[in-house]
Amino acid sequence: MSLVVDSVRKRLGTYPALQGVSFTVPQGAFVALLGPSGSGKTTLLRILGGLEYPDDGAVRFADINWLTVPVRERRVGFVFQNYALFRHMTVARNIAFGLSVRPRKERPNRAEIARRVQELLALVQLDELGDRYPSQLSGGQSQRVALARALAIEPRMLLLDEPFGALDAKVRKELRGWLRALQERLGITTVFVTHDQEEAFALADLVVLMDKGKVEQFGTPAEVRRAPKTPFVQAFLDPMVN
Amino acid sequence: MTSIAPRATDDPPLVRACLIAVAALFIGVFLVLPLVVVFHEALSAGFAAAWGAIGEHDAIAAIRLTLIVTAIVLPLNVAFGVAAAWAVTKFDFAGKSILTTLIDLPFSVSPVVAGLTYALIFGLQGWLGPWLREHGIQILFALPAIVLATLFVSFSFVARELIPLMADQGRAEEEAAISLGASGWSTFWRVTLPNIKWGLLYGVLLCNARAMGEFGAVSVVSGHIRGRTNTMPLQIQALYDDYQYVSAFALASLLAMLALVTLALKSLLEWRYADEIAAVHRH
């Protein structure tokens with residue numbers, strides 16, 4: 001019961017975005033994909049989410065060949081960098097979306113959906129904002145709506161692309177602690193992309209440090225910090241030295 | 001705020017007055033005056049005469065033909081336009097730039113040339129002419145050719161309106177929708193369409209105006225049979241050539257009125273979704 005990424009390769013046009021990435025994390029882990037821009041971390045996240053397909057390699061999750069599962073059936077909660085909230089829907093309808101597009105047989109009834117939405121709003125501490133539109137929300141609020149929308153489908157895996165990138169430092173710190181606590185409570189395997197090492201080390205159980213489509217180091221934050229494996233990791237962790 | 005001193009960015013009063021006068025004169029002479037003349041000529045023999053001219057058998061037939069053609073062309077071009085814009089902006093595929101160029105083709109090809117190609121293909125001496133005649137199918141000088149020619153010239157409007165809008169909106173919302181379990185179909189109906197609806201309506205209005213007003217391409221393929229294959233613009237030309245000025249201008253007024261209604265609707269839409277217009281570049 002784990003997430004196994006095995007020799008994944010992907011070209012975007014002529015650019016080798018991923019050049020054989022491998023690592024294994026246990027179910028329920030909180031994993032950071034850390035690296036500079038162009039390191040392939042977002043591409044890898046999109047492959048896990050089913051929005052891109054690798055040229056080569058394998059991904060197994062909970063003993064399933066993950067790559068053969070269609071996006072719609074993966075049940076991944078994907079939080080996009082700019083949240084990608086549906087701008088013409090209220091917050092409540094955004095959160096309800098994943099439930100309301102289910103096939104008729106599996107779709108909860110209207111009252112049940114409303115109840116679930118209310119639960120999720122409470123979970124992300126936005127009880128009063130169900131009737132707002134995305135344009136009326138602050139960055140931090142949008143972030144939490146995007147998360148609630150992703151959680152509504154009871155995801156098997158949570159994927160977050162630069163989840164705090166667009167937020168100011170204070171909100172970022174608050175949300176970070178809150179997200180970590182929530183993830184521990186729900187126990188969902190979570191992978192998030194960041195270029196911010198402090199954020200990766202503060203949040204993650206495991207860090208995948210990437211550069212130019214390759215894994216430079218994989219381990220717990222303590223291991224990576226204590227014993228940088230390559231000159232790149234050394235330089236990345238301590239840019240002041242060079 | 002009541003200072004009478006000119007602001008640093010202002011030109012001298014005389015220059016400003018001249019520029020405003022030139023602009024007003026230009027608009028007056030080239031835009032307003034022709035419209036006024038059309039309506040004035042139409043009503044020169046009184047309202048009853050103009051109304052009577054519109055009620056003539058051939059005029060009614062022309063109006064009906066124009067409406068039928070538009071009713072066929074508009075839904076088709078909306079479907080084509082949305083499909084083309086959706087394909088170009090939400091997917092990557094080989095030949096995409098060729099498709100984008102093709103979408104612009106009706107804008108760059110003269111309508112008369114477009115009409116001639118249909119005549120060349122479907123005419124009696126054309127490629128398909130003999131075969132069509134054998135099977136008793138009439139395309140040229142009949143409704144099918146008029147519809148085809150109109151389809152061609154008004155094809156680009158919806159797609160051209162939607163492509164910049166949809167390109168600007170990106171794919172993130174669609175990706176969010178499918179990752180939440182939505183099918184392609186419900187992603188389109190629930191996410192894409194609501195986001196483009198105002199732009200789409202705007203494109204439909206432009207397409208409609210062009211479809212009703214097209215002269216060149218339709219002129220080549222229609223055969224100019226009064227009461228049968230003359231659309232409104234063709235009928236106006238025919239009446240004008242016969243020195244039936246009141247009738248010609250009465251029908252022209254009706255077409256001009258359509259343009260004015262379209263313009264009013266367009267302004268209403270622009271006012272209604274001013275924010276979106278500000279976000280996306282627009283002509």
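Q: Helices (H or I, at least four residues) and strands (E, at least two) are DSSP runs, numbered from the N terminus. How many helices and strands does chain A have?

A: Chain A has nine helices and ten strands. This is a predicted model: local features need pLDDT of at least 70, side-chain atom pairs count only at pLDDT 80 or more, and totals for chains, interfaces and linings use all residues. Residues are numbered from 1 along each chain as its sequence is written, while chains are lettered from A and ligands numbered from 1 in the order in which they are written.

Q: How many of the residues of chain A count as buried?

A: Count C-beta atoms, placed from the backbone: 20 or more others within 10 Å of a residue's own make it buried, 12 or fewer exposed, and anything in between partly exposed. In chain A, 42% of the 242 residues are buried.

Q: Which contacts in chain A join residues 24 or more positions apart?

A: A contact needs two C-beta atoms, placed from the backbone, within 7 Å. Of the contacts in chain A with a separation of 6 or more, 67% link residues 24 or more positions apart.

Q: In what order do the six strands of the open sheet run?

A: Strands pair if DSSP finds at least two bridges between them. The order in chain A is S6-S7-S8-S3-S9-S10, with mixed pairing. Strands S6 (76-79) and S10 (214-219) of chain A are the edges, each pairing on one side only. From one strand to the next, the twist averages 15°; axes here are lines fitted to C-alpha atoms (for helices over the stretch in contact), with angles from 0 to 180 degrees between N-to-C directions.

Q: In what sense do S3 and S8 of chain A pair, parallel or antiparallel?

A: Strand S3 (residues 30-34) and strand S8 (residues 189-194) of chain A run parallel, over five bridges. Look at Leu33(A): its bridge partner in S8(A) is Val193(A).

Q: Which residues other than glycine have a positive phi?

A: Most residues other than glycine have a negative phi. Ser7(A) has a positive phi of about 50°. Ser7(A) sits in strand S1 (residues 2-12) of chain A. It is partly exposed, because 13 other C-beta atoms lie within 10 Å. Tyr83(A) has a phi near 75° and lies in the loop between S6 and helix H3 (91-100) of chain A. Tyr83(A) is buried, because 24 other C-beta atoms lie within 10 Å.

Q: How many helices and strands are there in chain B?

A: Chain B has 14 helices and zero strands. Its C-alpha trace spans about 70 × 60 × 30 Å along the principal axes. Buried residues make up 34% of its 283 residues. Among contacts in chain B between residues at least 6 apart in sequence, 75% join residues at least 24 apart.

Q: What does the domain assignment of chain B give?

A: Such bounds come from an automatic or database domain assignment. For chain B they are domain 1 (13-42) and domain 2 (47-276). The C-alpha centres of these two domains of chain B lie 30 Å apart. Their contact takes five residues from domain 1 and eight from domain 2 of chain B.

Q: Which residues of helix H12 of chain B are buried?

A: Residues three or four places apart in an α-helix point the same way, because a turn has 3.6 residues. In H12 (residues 232-241) of chain B, the buried residues are Met232(B), Pro233(B), Leu234(B), Gln235(B), Ile236(B) and Leu239(B). They pack against helix H3 (57-90), H10, helix H11 (216-222) and helix H13 (245-272) of chain B. Just after H12(B), Tyr243(B) takes a positive phi of about 60°.

Q: Is Ala94(B) buried or exposed?

A: Ala94(B) counts as exposed, because it has 7 C-beta neighbours inside 10 Å. Find Ala94(B) in the loop between H3 and helix H4 (96-108) of chain B. Ala94(B) and Val38(B) are 56 residues apart in sequence and 50 Å apart in space, C-alpha to C-alpha.

Q: How many residues does the contact take from chain B and from chain A?

A: The contact takes 14 residues from chain B and 17 from chain A. On the chain B side, helix H9 (172-179) and helix H10 (184-213) each supply at least two residues. The largest share of that side, six residues, comes from H9(B).
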